[in-house]
Amino acid sequence: MLDMVVEVKKAQEGDLDTFVMLIRQLESRLYGLAKSIVKRDEDCADAIQETLLNAYKSLNTLKKPEFFNTWIIRILINECNQVLRLRRRTIVMGELPETNYPLAAHGADHQTSDLQEAVDRLNDTLRLVVHLFYYQDLSVKQIAEILDISEGAVRARLHRARGVLADWMNSMRMNFAGI
């Protein structure tokens, strides 16, 4: 933690190499979060590119370097939401509807993909909280700060999401038991 604070301060003083190093450490986490929100790889790339540009431009506004990770995640979430807003305004001609293939859950190796598919089916507010908590390993307090909601709201969304996921996973087990 202390090393990161020192590195962030160096980046704030204009050390581009240090900023790049900090971003490389977060690269996979940022991509995973962006992918969970916007779904498309090209949209992920756009959101991450804008996030990095905005973060670099406003790095000197970060008052507490120890919050660098949550600060950049907040920027990424805002950029992803912007991409989604722009996508809703764009009408794509000739886009084929998604085909819903039945899930193939034959063993433990499919459970992870089934769970990921179930998480992807959650509504945006629940999916985002689940992703931040379980995939980004952020605390309830950090998630509350990033999303600007209360810790109780975060816990309620996690509880709701767990219930929905449990129902889906149970219904999938029941469907496959009857095959």
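1. A quick definition to start: the expected span of a helix is 1.5 Å times one less than its number of residues. Helices here are DSSP runs of H or I with at least four residues, strands are E runs of at least two, and both are numbered from the N terminus. With that in hand, helix α6 (residues 124-135) has 12 residues and covers 15 Å from first C-alpha to last, close to the 16 Å expected at 1.5 Å a residue.

2. Before going on, note that this is a predicted model, where local features need pLDDT of at least 70, side-chain atom pairs count only at pLDDT 80 or more, and totals for chains, interfaces and linings use all residues. Residues are numbered from 1 along each chain as its sequence is written, and side-chain values use heavy atoms, with hydrogens and water left out.

3. Overall picture: the protein chain has 8 helices and 0 strands. Of its 179 residues, 35% count as buried (under 20% relative accessible area with a 1.4 Å probe, protein chains only). Taking contacts (heavy atoms within 4.5 Å) between residues at least 6 apart in sequence, 65% join residues at least 24 apart.

4. Back to α6. Its buried residues are Leu-126, Arg-127, Leu-128, Val-129, Val-130, His-131 and Leu-132. After the helix comes Asp-137, with a positive phi near 60°.

5. Now the first helix pair. The axes of α1 (residues 2-12) and α2 come within 7 Å and cross at roughly 135°; axes are lines fitted to C-alpha atoms, for helices over the stretch in contact, and angles run from 0 to 180 degrees between N-to-C directions. α1 and α2 are therefore oblique to each other (angles under 35 degrees count as roughly parallel, over 145 as roughly antiparallel, 65 to 115 as roughly perpendicular and the rest as oblique). From α1, Met-4, Glu-7, Val-8, Lys-10 and Ala-11 meet Thr-18, Phe-19, Met-21 and Leu-22 of α2. Those contact residues split into 6 nonpolar, 1 polar and 2 charged (nonpolar being Ala, Val, Leu, Ile, Met, Phe, Trp, Tyr, Cys and Pro, charged being Asp, Glu, Lys and Arg, and polar the others, Gly among them).

6. Then α2 against α3. Helix α2 (residues 16-38) packs on α3 (residues 41-57) at an angle of about 145°, with the axes 9 Å apart. On the α2 side the contact takes in Leu-16, Phe-19, Ile-23, Leu-30, Tyr-31, Ala-34, Lys-35 and Val-38, and on the α3 side Asp-41, Asp-43, Cys-44, Ile-48, Leu-52, Ala-55 and Tyr-56. The contact of α2 with α3 has 12 nonpolar residues, no polar ones and 3 charged.

Conventions:
Buried < 20%, exposed > 50% of the residue type's maximum accessible area, 1.4 Å probe, protein only.
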